[in-house]
Amino acid sequence: IWSFTNDVVSIFKIDCAGFGGFQSSFAVKAAAPVILLLFFCVTKVGSIVTSKVLNKPQLNMTIDRMINDFMSLMFTFFSAISALSLLLFKCIPSPNNTTTLSEDLSVICWDSPAWQSL
């Protein structure tokens, strides 16, 4: 039931957005923390604009609170981020005396152009 914590992007169906291949889904998963940081920055800008428009300074989110919230999420999903960074090195032996990537058995480790492009 908690398997999504190791693959946060799995709660979304990224295949429907055209990211069905291993390389493109890996790129989306690797970019997820950066995208999350952008969401936090947009939220910060939105709180600044809202506080100026409504003339309520208490609506302006402090930068230390934003950093705390972002880093709390990074800490929560640290195991997923670490597992993703080591995913390229999880190779399993194949019957034809080669090693293939455990996530995508069509990628031959160390030698294939697909693996080297990752």
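This is a predicted model: local features need pLDDT of at least 70, side-chain atom pairs count only at pLDDT 80 or more; totals for chains, interfaces and linings use all residues.
The ring centres of phenylalanine 40 and phenylalanine 70 lie 5.7 Å apart and their planes stand at 75°, so I noted the pair as edge-to-face.

Residues are numbered from 1 along each chain as its sequence is written, and side-chain values use heavy atoms, with hydrogens and water left out.

**Entry on confidence and layout**

I looked up pLDDT, the predictor's confidence in each residue on a scale from 0 to 100. The protein chain averages a pLDDT of 79, and 80% of the residues score at least 70. Confidence is highest in H2, at a mean of 89, and lowest in helix H4 (residues 113-117), at 70.

For the layout I used DSSP runs numbered from the N terminus, with helices (H or I) needing at least four residues and strands (E) at least two. The protein chain holds four helices and two strands, and from the N terminus on I read the order as α-α-α-β-β-α. Taking a contact as heavy atoms within 4.5 Å, I noted that, of the contacts with a separation of 6 or more, 36% are between residues 24 or more positions apart.

**Entry on buried and exposed residues**

Here buried means under 20% relative accessible area, exposed over 50% and partly exposed in between (1.4 Å probe, protein chains only). Buried residues make up 21% of the 118 residues in the protein chain.

Accessible areas come from the Shrake-Rupley method with a 1.4 Å probe, and for residues only the protein chains shown count as cover. The protein chain exposes about 8,400 Å², of which carbon and sulfur atoms supply 68%.

**Entry on helices H1 and H2**

Valine 45 is found in helix H1 and is partly exposed, with a relative accessible area of 48%. Isoleucine 63 is found in helix H2 and is partly exposed, at 48%. I also looked up isoleucine 63 together with lysine 44, which is 19 residues away along the chain, and their C-alpha atoms are separated by 7.8 Å.

**Entry on two asparagines**

Which phi value does asparagine 55 have? I found it near 55°, a positive value in a residue other than glycine. Asparagine 55 has its place in the loop between H1 and H2, and it counts as exposed because its relative accessibility is 66%.

Asparagine 97 has a positive phi of about 65° although it is not a glycine. Its place is in the loop between strand S1 (91-93) and strand S2 (99-101), and asparagine 97 is exposed, with a relative accessible area of 76%.

Definitions and conventions: Rings of Phe, Tyr and Trp (its six-membered ring) pair if their centres lie within 6.5 Å; planes under 30 degrees apart count as stacked, over 60 as edge-to-face and the rest as tilted.
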